[in-house]
Amino acid sequence: MTSQHKPLAVAIMGPTASGKTAAALTIAKEIPVEIISVDSALVYRGMDIGTAKPSAEELASAPHHLIDIIDPLDAYSVAQFREDAIRLVAEIQARGRLPLLVGGTMMYFKGLNDGLDDLPTADADVRARLDAEAARIGWPGMHAKLRDVDPVTADRLAPNDAQRINRALEIHELSGKPMSALLARREKQELPFDLVPFALEPSDRAVLHERIALRFDQMLGKYDDTGIVAEVAGLRARGDLNPNLPSMRCVGYRQAWEYLDGTIDRAQLRETGIIATRQLAKRQLTWLRSMPERIVIDCLGPDPAPQMLAHLATLRA
């Protein structure tokens with residue numbers, strides 16, 4: 001819903017390979033916009049191939065924000081994103097342009113739209129204990145443990161989503177309550193702008209899966225001295241990164257790291273990378289379905305940009 005007194009911002013959401021960047025750049029040719037990336041992988045410098053980072057030409061076609069802002073050794077939280085996004089939206093609006101928030105990190109969108117929670121802060125001792133337990137029983141075993149105490153959260157997490165399973169179990173141990181219950185109680189924090197939420201969703205999941213496989217093959221390349229393997233090899237050569245960092249847990253990077261460790265072969269790298277990307281897309285679509293206010297556009301149909309522009313024209317009339 002939009003109001004008469006608040007300025008507009010536009011969200012272009014969707015699963016991976018749904019054409020979000022292309023739609024945003026098409027809109028940028030028609031009206032003055034600036035693009036705010038809503039992607040937890042694009043924030044990292046030196047991670048270009050595996051994140052499908054926009055090309056230099058694409059980045060130059062419209063102002064972009066929250067891309068290449070931190071080192072892979074560092075972390076970037078939902079709270080930081082919300083603060084940066086609200087500040088950037090105001091600055092872009094002050095320049096007379098339309099802010100486009102574009103990406104597939106649904107935690108960022110949800111944190112921006114609903115506000116932050118009062119979940120307990122991280123506890124290094126608890127996390128270390130949970131990691132040790134995971135080393136014994138595996139993350140699927142930890143996922144089963146989470147299902148016993150918080151089935152709602154477990155249902156939306158993949159059995160190998162180590163980072164989020166660890167956090168959900170940590171919250172339950174520290175608070176004695178399921179994370180889902182704590183999130184349900186939080187109060188919505190009103191935004192200083194109206195956010196128009198477009199969602200690019202596939203009418204045929206199989207076609208999206210074909211796109212995902214094609215994209216991963218393009219990232220992988222034909223040889224190890226090109227593509228994501230070469231990129232991860234360069235990151236490993238720094239000597240200060242490890243596979244447990246949030247940056248190296250990104251889809252594609254985790255699998256390439258395992259390949260370079262020799263624990264999987266190239267065929268397994270491709271297979272596990274595509275499977276992980278499909279699982280990511282499934283989680284993204286689950287998040288989107290929890291947003292009834294979104295405006296759904298078939299990402300497999302006609303160019304979605306004109307449909308978005310037509311809808312925006314009615315709001316601005």
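## Contacts and the basis of the model

Two residues are said to be in contact when heavy atoms of theirs lie within 4.5 Å. The structure is a predicted model, in which local features need pLDDT of at least 70 and side-chain atom pairs count only at pLDDT 80 or more, while totals for chains, interfaces and linings use all residues. Residues are numbered from 1 along each chain as its sequence is written, and side-chain values use heavy atoms, with hydrogens and water left out.

## The annotated stretch from Gly14

An unreviewed UniProt entry places a "binding site" feature at Gly14, Pro15, Thr16, Ala17, Ser18, Gly19, Lys20 and Thr21, and a "binding site" feature is also placed by UniProt at Thr16, Ala17, Ser18, Gly19, Lys20 and Thr21. These positions are given in the numbering used here, feature names are shortened, and such annotations may be inferred rather than shown by experiment.

Gly14 sits in the loop between β1 and α1 (20-30), where helices (H or I, at least four residues) and strands (E, at least two) are DSSP runs numbered from the N terminus. Its relative accessible area is 0%, so Gly14 is buried; the word buried means under 20% relative accessible area, exposed means over 50%, and partly exposed lies in between, with a 1.4 Å probe and protein chains only. Apart from neighbours within four places in sequence, Gly14 touches Lys20, Gly103, Gly104, Met106, Leu200, Gln284 and Leu288.

Lys20 belongs to helix α1 and is buried, with a relative accessible area of 12%. Beyond its neighbours within four places in sequence, Lys20 is in contact with residues including Ile12, Met13, Val102 and Leu200. A polar atom of the Lys20 side chain lies 3.3 Å from the backbone oxygen of Gly14. A polar contact is a pair of N or O atoms within 3.5 Å; within protein, one must be able to donate a hydrogen and the other to accept it, and residues adjacent in sequence count only if both atoms are side-chain atoms.

## Ala17 and Ser18

Ala17 is found in the loop between β1 and α1, and Ser18 is in the loop between β1 and α1 as well. Ala17 counts as buried at 8% relative accessibility, and Ser18 is buried with a relative accessible area of 2%. Leaving aside neighbours within four places in sequence, Ala17 is in contact with Leu208, Arg211, Ile212 and Arg215, whereas the contacts of Ser18 are Leu200, Leu208, Arg211 and Cys299. The side chain of Ser18 also reaches the backbone oxygen of Pro15, at 2.6 Å.

Helix α3 has 17 residues (78-94), which should span 24 Å at 1.5 Å a residue, and the end C-alpha atoms are 24 Å apart, in agreement. The expected span is 1.5 Å times one less than the number of residues. Phe81, Arg82, Asp84, Ala85, Leu88, Val89 and Ile92 are buried in α3, and the buried residues of this helix pack against β1 (8-13), β2 (33-37), β3 (64-65), β4 (98-103) and α4 (106-114). After α3 comes Gly96, whose phi is positive, near 80 degrees.

## Lys177 in a loop

Lys177 lies in the loop between α8 (162-175) and α9 (179-185) and is partly exposed, with a relative accessible area of 39%. Leaving aside neighbours within four places in sequence, Lys177 is in contact with Ile171, His172, Leu182 and Arg185.
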